[in-house]
Amino acid sequence: MFRIEEVEHRYGDRTVLRDVSVELTERRVAVVGANGSGKSTFARLLNGLVVPTSGTVTVDGLDTRKDGRRIRAKVGFVFQDPDLQIVMPTVAEDLAFGLKHRGLSKADIDQRVEQALEDNGLRDLRDQPAHLLSGGQKQRLAIASVLATAPRYVVFDEPTTMLDLRSKRQIARVMAELEQPVVVVSHDMDLLEGFDRVLVFDEGRLVADGPPDVSIAFYLELMGAC
Ligand SMILES: Nc1ncnc2c1ncn2[C@@H]1O[C@H](COP(=O)(O)OP(=O)(O)OP(=O)(O)O)[C@@H](O)[C@H]1O
């Protein structure tokens with residue numbers, strides 16, 4: 001469970017989140033809002049990549065300010081741009097990289113890599129240079145690398161922005177089948193089908209919070225789209 005209490009966040013003298021208090025307990029939570037409204041900053045607060053300037057963020061009772069390492073092991077984070085996440089030459093090596101330094105045996109790592117290749121439709125790409133993959137394949141690899149670490153929660157920050165329709169659908173399917181609770185920042189309303197709860201941010205404030213139909217209608221009106 002994520003508990004965000006009276007959070008404000010500033011970059012330098014610029015306040016980008018203000019007075020945000022919310023508890024997230026649902027399986028599928030989405031975050032929408034205009035460019036620059038603070039969504040990515042909010043997402044990053046959830047795994048301690050960003051710590052709040054004031055207020056607190058806890059994950060299952062752990063404070064992101066004090067327990068960053070444990071929280072990052074619990075909360076997987078998928079970036080918009082998979083190139084930020086892919087660090088090793090081949091697909092299999094990249095999957096293995098995230099599993100090192102976790103106290104796993106080599107046999108365990110090998111087994112998890114094989115499972116991740118299988119689960120994410122990457123088996124045929126096992127020994128391919130990661131930088132030669134298509135955008136959709138790279139995003140699948142980035143997601144597979146995060147899932148291979150068996151996080152308790154997964155946060156996605158605009159995971160489909162750079163993808164074509166087919167790849168978007170593949171990622172939507174991967175997300176729909178996940179057992180873990182997810183929090184997804186997205187501009188892609190189609191991706192939010194079946195979500196339990198949608199948060200709307202505007203200029204750093206949480207301005208709507210409810211079921212998708214209600215929140216999305218609010219958001220469209222805010223954007224002047226209806
Ligand atoms: N590391 C940083 N240093 C300074 N300012 C930042 C930093 N990261 C974000 N900002 C600023 O904070 C504000 C909120 O950014 P954020 O990325 O959280 O918004 P967003 O809603 O995710 O936007 P988008 O939809 O464009 O991704 C923006 O004005 C942005 O320029």
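Let us start with two neighbouring strands: E1 and E4 (residues 54-59) pair in the antiparallel sense over five bridges. Helices (H or I, at least four residues) and strands (E, at least two) are DSSP runs, numbered from the N terminus, and two strands pair if DSSP finds at least two bridges between them. At one of these places, glutamate 5 has threonine 56 in E4 as its bridge partner. Before we go on, note that this is a predicted model, in which local features need pLDDT of at least 70 and side-chain atom pairs count only at pLDDT 80 or more, while totals for chains, interfaces and linings use all residues. Residues are numbered from 1 along each chain as its sequence is written.

How confident is the predictor? The chain averages a pLDDT of 93, and 99% of the residues score at least 70; pLDDT is the predictor's confidence in each residue, from 0 to 100. For the complex, the predictor gives an ipTM of 0.96 and a pTM of 0.94.

Now take in the whole chain. It has seven helices and ten strands, and its C-alpha trace spans about 45 × 40 × 30 Å along the principal axes. A compact globule with 226 residues would have a radius of gyration near 17 Å, and the 18 Å of the chain agrees with this. That radius is taken over C-alpha atoms, and the globule rule is 2.2 Å times the number of residues to the power 0.38. Of the 226 residues, 39% are buried. A residue is buried if 20 or more other C-beta atoms lie within 10 Å of its own, exposed if 12 or fewer, and partly exposed in between, with C-beta atoms placed from the backbone.

Back to our opening pair. E1 and E4 belong to an open sheet of four strands, in the order E2-E1-E4-E5, with antiparallel pairing. The edge strands are E2 and E5 (62-63), each of which pairs on one side only. Two loops here deserve a look. Aspartate 13 sits in the loop between E1 (2-11) and E2 (14-24), and it counts as exposed because it has 5 C-beta neighbours inside 10 Å. Aspartate 60 lies in the loop between E4 and E5. Its phi is near 45 degrees, a positive value in a residue other than glycine. Aspartate 60 has 14 C-beta neighbours inside 10 Å, so it counts as partly exposed.

Next, follow the strands that pair in the parallel sense. Strands of a sheet pair through backbone hydrogen bonds, either parallel or antiparallel. Strand E3 (residues 28-33) pairs with E8 in the parallel sense over four bridges, and alanine 30 stands opposite valine 184 in E8. Strand E7 (residues 153-157) is also joined to E8 by four bridges, and the two run parallel; here valine 154 stands opposite valine 182.

What covers the path from E7 to E8? E7, helix H6 (residues 165-177) and E8 make a right-handed β-α-β unit. Right-handed means that, with the strands pointing away from the viewer, the path from the first strand over the helix to the second runs clockwise. Glutamate 158 is found in the loop between E7 and H6, with a positive phi near 45 degrees. With 20 C-beta neighbours inside 10 Å, glutamate 158 counts as buried.

In a regular strand the side chains alternate between the two faces of the sheet. In strand E8 (residues 182-185) both faces are covered: Val182 and Val184 are buried on one side, and Val183 and Val185 on the other.

E3 has another parallel partner, strand E9 (residues 197-202), over five bridges, where valine 32 stands opposite valine 200. E9 in turn pairs with strand E10 (residues 205-210) in the antiparallel sense over five bridges. These two strands form a hairpin with two residues between them, and glutamate 203 in the turn has a positive phi of about 45 degrees.

Finally, which residues surround the ligand? They are Tyr11, Val16, Gly33, Asn35, Gly36, Ser37, Gly38, Lys39, Ser40 and Thr41, where near means that the C-beta atom, placed from the backbone, lies within 6 Å. Helix H1 (residues 39-45) gives the largest share of this shell, three residues.
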